[in-house]
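User: I've got a model open and want to go through its packing. Can you take some quick questions?
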Amino acid sequence: MNQPVGHAAADFLEELVSIPSVNPGFRTAGDDPGIFGEQRMAELLGEFFRRIGCEVWFEEILPGRHNLMARLRKGDGGRSIALQCHLDTVQVRGMTVNPWGLRDGDRLYGRGSCDTKASIAAFAKAIQVTAESARLDADLYFVGTVDEEHGFAGSHHLGQKYKFDACIVGEPTSLGTVTAHKGSVRFGLTAEGMSAHSSTPELGHNAILEMLDLLQDFRTEFDRYTGSWNHPLTGRATWAPTLITGGVGRNTVPEVCTVAIDRRVVPGEQVEDVIDFVDDWSKRNARAGHPWRLGEIYSIDIPFETGANTPPVEALGYALAKLGMDSGVKGMPCGTDAPKIAAGGTPCVVFGPGNIAQAHKSDEWIHLPDVELATDIVIEALKSLDRILKR
């Protein structure tokens, strides 16, 4: 392990966590407005990359929110390698540790420490080492995207505008090579009723009670349908009700009740088929006095899968094997920016320090030696990737 570089990555991560970059999509009444947005993070990283010799520019994706683009020109081979991470984090409300960083031995606590500022720190220091000492025939990019935790606007833009010869997408993978992960579709199921005074409920039709009946019937068939989908790396498809809303007052029988459902989609499964199943079930089971229907489609995120013989996967496997680590491919249950970037024709792999089970938690933390080791792995992977792309 290159200890000075690894220690520098850990120190840099502590600085990154101290800068709030909460996605504005999580803002609620009473929140400190100063903690939202990725711009300060992008500007700090921009200055870092300028100092090490990169060309830096910003691309506005949403009002006041910019993707960071940094390019280290290393060769004239016409090839390009990208290291990509998202700049935003989830909300900090309810955290039981200091959201802006607390170092305790080999752990760093704080929002984004695991997801995914640890990957940013490792990638940035790997690029710095490459700038100072490594010879590459490919241009090397760092890309920091906005909005991964809410709508993926930054990576959608990247996939539409750029195509790289290879991209490593930074996420907490426990230092494993992730070649497949689930996607998701989030939708609403709506039960309708008729309002009335709560003292005379018989004069109305209670949409909340209707929703209880709906979920009981829906669960049996949707469990069976969802459980029929499986993938060797990601495991089975899953679903969960995540939010329920209904009613307008404590003394009024509600006329509408909606439940939001998060359905995780495995590689090989089509999101459209999930929507069609729910729509068809709703229509078949809506009967007299039971007005059920598929509601709003809130978001769609396609699953990701790439071959084990693609250049970034091969390069990471070589680097991990060289350092005596498990070089086999793995899967993840959650979504990333990878499929949006890959949609533009860029071969992608997902990799980074940290365990995804620790991400978004009230005591989010990272094991700092993993950040140091990730930096070494990426340095080796870049050298290998450059050789592979010249074949």
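User: Which residues does Val266 touch, leaving out those up to four places away in sequence?
Analyst: This is a predicted model, to start with. In it, Val266 touches Lys182, Trp229, Asn230, His231, Thr234, Gly235, Arg236, Ala237 and Pro303.

User: Where is Val266 found?
Analyst: In a loop. That loop lies between strand S15 (256-265) and helix H6 (271-285).

User: Is Val266 buried or exposed?
Analyst: Buried. Val266 has 0% relative accessibility, and the cut-off for buried is under 20%.

User: What separates the C-alpha atoms of Val266 and His181?
Analyst: A distance of 7.0 Å. Along the chain, Val266 and His181 are 85 residues apart.

User: You mentioned H6. At what angle do H5 and H6 cross?
Analyst: Roughly 140°. The axes of H6 and helix H5 (residues 207-227) come within 11 Å. That angle makes H5 oblique to H6, since roughly antiparallel would need over 145 degrees.

User: Is the crossing of H5 and H6 left-handed or right-handed?
Analyst: Right-handed.

User: Which residues make that contact between H5 and H6?
Analyst: From H5, they are Leu214, Asp217, Phe218, Glu221, Phe222 and Tyr225. H6 supplies Asp273, Val274, Phe277, Val278, Trp281, Arg284 and Asn285. By class, the H5 contact with H6 has eight nonpolar, four charged and one polar.

User: Switching topic. How do H2 and H3 pack?
Analyst: Helix H2 (residues 39-51) packs with helix H3 (residues 117-133) at about 15°, and their axes are 11 Å apart. H2 and H3 are therefore roughly parallel; the cut-off is under 35 degrees. H2 passes H3 in a right-handed crossing.

User: And which residues of H2 and H3 make the contact?
Analyst: Met41, Leu45, Phe48 and Phe49 on the H2 side. On the H3 side, Lys117, Ile120, Ala124, Lys125, Ile127 and Gln128. The H2 contact with H3 counts seven nonpolar residues, two charged and one polar.

User: What about the largest nonpolar core, which residues have the most contacts inside it?
Analyst: Leu13, Leu45, Phe49, Ile127, Phe142 and Phe351. The core has 61 residues. Leu45 and Phe49 of H2 and Ile127 of H3 are also part of the helix contact.

User: Which helix gives the largest share of this core?
Analyst: Helix H9 (residues 368-389), with 11 residues.

User: Last one. How many residues are in the second, separate core?
Analyst: It has 23, including Leu189, Phe222, Val265 and Val278. Phe222 of H5 and Val278 of H6 also sit in the contact between those helices.

Technical notes: Residues are numbered from 1 along each chain as its sequence is written. This is a predicted model: local features need pLDDT of at least 70, side-chain atom pairs count only at pLDDT 80 or more; totals for chains, interfaces and linings use all residues. Side-chain values use heavy atoms; hydrogens and water are left out. Axes are lines fitted to C-alpha atoms, for helices over the stretch in contact, and angles run from 0 to 180 degrees between N-to-C directions. Helices (H or I, at least four residues) and strands (E, at least two) are DSSP runs, numbered from the N terminus. Angles under 35 degrees count as roughly parallel, over 145 as roughly antiparallel, 65 to 115 as roughly perpendicular and the rest as oblique. A crossing is left-handed if the near helix is turned anticlockwise from the far one by less than a right angle, and right-handed if clockwise. Contact means heavy atoms within 4.5 Å. Ala, Val, Leu, Ile, Met, Phe, Trp, Tyr, Cys and Pro count as nonpolar, Asp, Glu, Lys and Arg as charged, and the others, Gly among them, as polar. A nonpolar core is a set of buried Ala, Val, Leu, Ile, Met, Phe, Trp, Tyr and Cys residues joined through side-chain atoms within 4.5 Å. Buried means under 20% relative accessible area, exposed over 50%, partly exposed in between (1.4 Å probe, protein chains only).
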